[in-house]
Amino acid sequence: MTSTIDQDHLIGTEITTDLWRTAVVYQIYPRSFADSNGDGIGDLPGITSRVPYLRWLGVNAVWLSPFYPSALADGGYDVDDHRNVDPQLGDLDDFDAMVAALHAADIRVIVDIVPNHTSNRHAWFVQALAAGRGAPERDRYLFRDGRGTAGELPPNDWESIFGGSAWASAGDGQWYFHCFAAEQPDLNWENEEVREDFRRTIRFWADRGVDGFRIDVAHGLRKDLSEPYPPWGEIADLMRPDGSHPLWDRDDVHEIYGDWRRIFDSYDPPRYAVAEAIVHPTRRARYAAADSLGQAFNFAMQDADWRAEDYRQVIDTGLADMINSGATTSWLLGCHDTPRVATRYGLPLEDDRPAQLIARAWLLSDGAQPYLNRSLGERRARAAIMILLALPGSTYIYQGDELGLHEVADLAPEVLEDPMARRSATEKGRDGCRVPLPWTAQGPSYGFGAAVGHLPQPDWFGAYAVSVQEADPDSTLTLYRRALALRGRLFAGSGLSWVESEPSVLHFARPGGISCVTNFGTAPVSLPAGQVLLSSHHLDHGRLPADTTVWLRVP
Ligand code: GLC
Ligand code: CA
């Protein structure tokens, strides 16, 4: 053994029995999950109809990306009204029915809170524009005077995450700030009305039986817009280790979460929260602390390349987070913002470019490059999920990854919905992982609904359908299901020990005599002694083939 981290002694029994510390959470992108009424858009009754599938799969919770009223300028992350359901997706009664069905199946419910911005159709923003300069309605957002004789120039040269200026004109010499699309004006978190409104939103959903919240852009709420503004060149690097960036990960953001924590804890059981915080790795644990949001996504795994040393490094930092925050890490291989994992791992790696960037560049070329090795990518993605599910902590699964789905790279420009694609010349955007799921091998939308889905599914989708995979003992879906069923029984506590092995092999032991071994190399390796409990691929005469993970019970 080279190193050992066993922090069970740090954690009281009360906390170790908390399901959230180890929960497997399935992310639903509602518009692309299941369409109940044949309008091509997934909806809440569609989710309700698929609760038996989620239970059969064996997940503990679902996280729903936004289903709130929205013009879909950013896939629903442009929210018109945080306390309602988009009429295209259903209504509050449908929401209650969905929660009841999920709870009856012992599946908890997490909803998305989007506090950094509203949509430009939100009543507050409409009022702010109408009220004019200096009006209190403008103080809920970040309006500033423009430069030039009549304010005809934006206040500074800062850029939006989606490309182009971070400022949009109000038409009267003032400009409003938007980190994302112009349809997503940023809120002013120094305004007490803004704070009170989000307290109300959290209580609104918690009172309806929601068990937890995923906090969108948790690192972005507090900003320092005091002048003089530093030039964009000085702040374009978004992650700093010291909280000194004017826009991201400022220390005072945690004061907001301390306030929310009191609300979460006023419920029985306390409501759960997880931060989407894209921050310097040393700053992640702060969001996961018990007096802040309580858990934070570990995006490093999503950025890791398919290499033993990359995985080991990401796991080590995630374990360090646990010690620093007292919370477990939330691992994930993908989400609605990232090219699908099977595709990332099926493209050839280059030394100087990570898999994420290679996949994004490949998308932009319309997938014309013949480099994708689909079966290799799927095989690695299967080995990868077995690593995640063997780690201490919680794991998030993005809808469709359990089918081994690939990115839909060749969506025609005219069907793209993502503002990232529209605003930027260097991004194809995120629609390729948001194509409606295939449930059956045939049908107008492969069982997604009675009509063609809002983003076109490619011909190859049928082969990945749930109906094709559910009875196939070798399918990716079967592997997920087996792994989820075994996981709860095999892995306990939060200890992990590295076991010495050759450089291309990742081997760790968990309490209770269970080991997880992955061969990242190109040739089969011999397996340590033990009983094979699950394997991501058939073994090769008792040896562990390339790109394969096994769970072993060691004597
Ligand atoms: C988060 C969401 C992403 C959205 C952005 C702006 O990063 O995951 O989909 O575009 O916030 O709300
Ligand atoms: Ca529908």
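Is Asp321 buried or exposed? Asp321 is buried, with a relative accessible area of 9%; buried denotes under 20% relative accessible area, exposed over 50%, and partly exposed in between (1.4 Å probe, protein chains only). The legends below concern a predicted model, in which local features need pLDDT of at least 70, side-chain atom pairs count only at pLDDT 80 or more, and totals for chains, interfaces and linings use all residues. Residues are numbered from 1 along each chain as its sequence is written, chains are lettered from A and ligands numbered from 1 in the order in which they are written, and side-chain values use heavy atoms, with hydrogens and water left out.

**View 1. The salt bridge between Arg284 and Asp321**. The closest N and O atoms of this pair are 2.6 Å apart; a salt bridge is a side-chain nitrogen of Lys or Arg within 4 Å of a carboxyl oxygen of Asp or Glu. Because Arg284 lies in helix 9 and Asp321 in helix 11 (residues 308-325), the pair ties together parts that are 37 residues apart in sequence. Helices (H or I, at least four residues) and strands (E, at least two) are DSSP runs, numbered from the N terminus. Arg284 counts as buried at 7% relative accessibility.

**View 2. The salt bridge between Arg214 and Glu276**. Here the closest N and O atoms are 3.3 Å apart. Arg214 belongs to strand 8 (residues 212-215) and Glu276 to the loop between strand 9 (272-275) and helix 9 (284-288), so parts that are 62 residues apart in sequence are tied together. Arg214 counts as buried at 2% relative accessibility, as does Glu276 at 7%.

**View 3. The salt bridge between Arg83 and Asp197**. The closest N and O atoms are separated by 3.2 Å. Arg83, in the loop between strand 3 (61-64) and helix 4 (92-104), and Asp197, in helix 6 (residues 192-207), are 114 residues apart. Relative accessibility is 16% for Arg83, which counts as buried, and 12% for Asp197, which also counts as buried.

View 4. A polar side-chain atom of Asp74 lies 2.6 Å from an oxygen atom of ligand 1, and one of Asp216 lies 2.8 Å from an oxygen atom of ligand 1. For His336, an N or O atom in the side chain is 2.9 Å from a ligand oxygen.

Notes. Polar contact = N/O pair within 3.5 Å; in protein donor to acceptor, adjacent residues only side chain to side chain.
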